[in-house]
Amino acid sequence: MERKVAIFRKEHFNAAHRLFVPGWTDEQNLEQFGKCSNPHYHGHNYELVVKVTGTPDPRTGYVINLSILSSIIQKHVLARFDHKNLNLDTQEFAHLNPTAENIVFVIYEILRKQLDASLDLTVRLYETERNFVEYPA
Amino acid sequence: MVFLTRIEHFNAAHKLYNPEWAREKNEAVFGACANENWHGHNYELYVTIQGEPDPDTGFLMDVKKLSEIIKEHVTEKLDHKNLNVEVDFLRGKMCSTENLIIGIWHQLEGQLPASVKLHSIKLYETPRIFVEYFG
């Protein structure tokens, strides 16, 4: 009988960003994004929760080795985004507004490529304690 | 004596970078925090005052008024700002959490009613790193 189990790994990264549409005036950006459009940037402690769902391997009892999952997140996500300016220092957001919605989707796409196709993946991202997103929805 | 704490928060960008030093030395001392394009944090601020409850109100002070003082003199100057570039009371200072908490103390000192005293400030830069200051 297939017994699916979800396993979670929490990580975090600190980054600066700015929300704006390049073609808009400062006034339009201010109206849409408020103080998040500050041209001098602001920043967050992002908390990342990665959920992997699958059937435990009958030999090891693991859905995925958490040490390996942690290394994948470290190498492919944190190394790219931690202590970075998302707008200026990353290829992913050079032309994509770094909203929480877009960041969680980008992280999902990055991690999906690294995980076995038999495993389901859900990514939750906290921008603040009170604002968070999840993908897929 | 009663201690009363108000918690506020702000999100800001900063970098740890001494302009007197070469980039290599900044990177050696401050590591990833020296990124020239900034990074950022969700800061949590705990402001604690001390005093005796007023016999008429039972309050040390109106906590809503305390919140307004913190907003006007601290969080409105820091929230969604670049600490190195946009904050008058940090100009010319290194934007470490240590210097930030001292700056916040001086912003609040003198703004409180004479019946209470600023006891301490606690400032979280991340859930795992915080500083405290007692003046």
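## Close-up views of a predicted two-chain model

**View 1. The largest nonpolar core of this predicted model has 45 residues.** Among these residues, A:Ile107, A:Leu125, B:Leu83, B:Leu100 and B:Leu123 touch the most other members. Helix α4 (residues 100-112) of chain A supplies the largest share of this core, 5 residues. In soluble globular proteins, nonpolar side chains tend to be buried together.

**View 2. Surroundings of B:Leu123, one of the core residues that touch the most other members.** Leaving aside residues up to four places away in sequence, B:Leu123 touches B:Tyr43, B:Leu45, B:Thr97, B:Leu100, B:Ile101, B:Ile104, B:Phe130 and B:Val131.

**View 3. The open sheet of chain B, with 5 strands in the order β3-β1-β2-β4-β5.** Pairing in this sheet is mixed. Because β3 and β5 (129-133) of chain B stand at the edges, each with a single partner strand, one side of each is left without a neighbour in the sheet. Strands β2(B) and β4 (residues 117-126) of chain B run antiparallel and are joined by 7 bridges; B:Val47 has B:Ile121 in β4(B) as its bridge partner.

**View 4. Helices α2 and α4 of chain B against the strands.** Helix α2 (residues 63-78) of chain B lies across β1, β2 and β3 of chain B and runs at about 20° to β1(B). Helix α4 (residues 97-108) of chain B packs on the sheet, where it touches β2, β4 and β5 of chain B, and its direction makes about 145° with that of β4(B).

**View 5. The contact between chains A and B, with 19 residues from chain B and 19 residues from chain A.** On the side of chain B that touches chain A, the elements giving two or more residues are β1 (2-14), β2 (39-51), β3 (81-82) and α3 (83-86) of chain B. β2(B) gives the most, with 4 residues. By class, this side of chain B has 6 nonpolar, 10 polar and 3 charged residues.

Definitions and conventions
Residues numbered from 1 in each chain as written. Chains lettered and ligands numbered in written order. Predicted model: local features only at pLDDT ≥ 70, side-chain atom pairs only at ≥ 80, totals over all residues. Contact = placed C-beta atoms within 7 Å. Nonpolar A, V, L, I, M, F, W, Y, C, P; charged D, E, K, R; others polar. Core = buried A, V, L, I, M, F, W, Y, C linked by C-beta atoms within 7 Å. Buried ≥ 20, exposed ≤ 12 C-beta atoms within 10 Å, placed from the backbone. Pairing = 2+ DSSP bridges. Axes fitted to C-alpha atoms, helices over the stretch in contact; angles between N-to-C directions.
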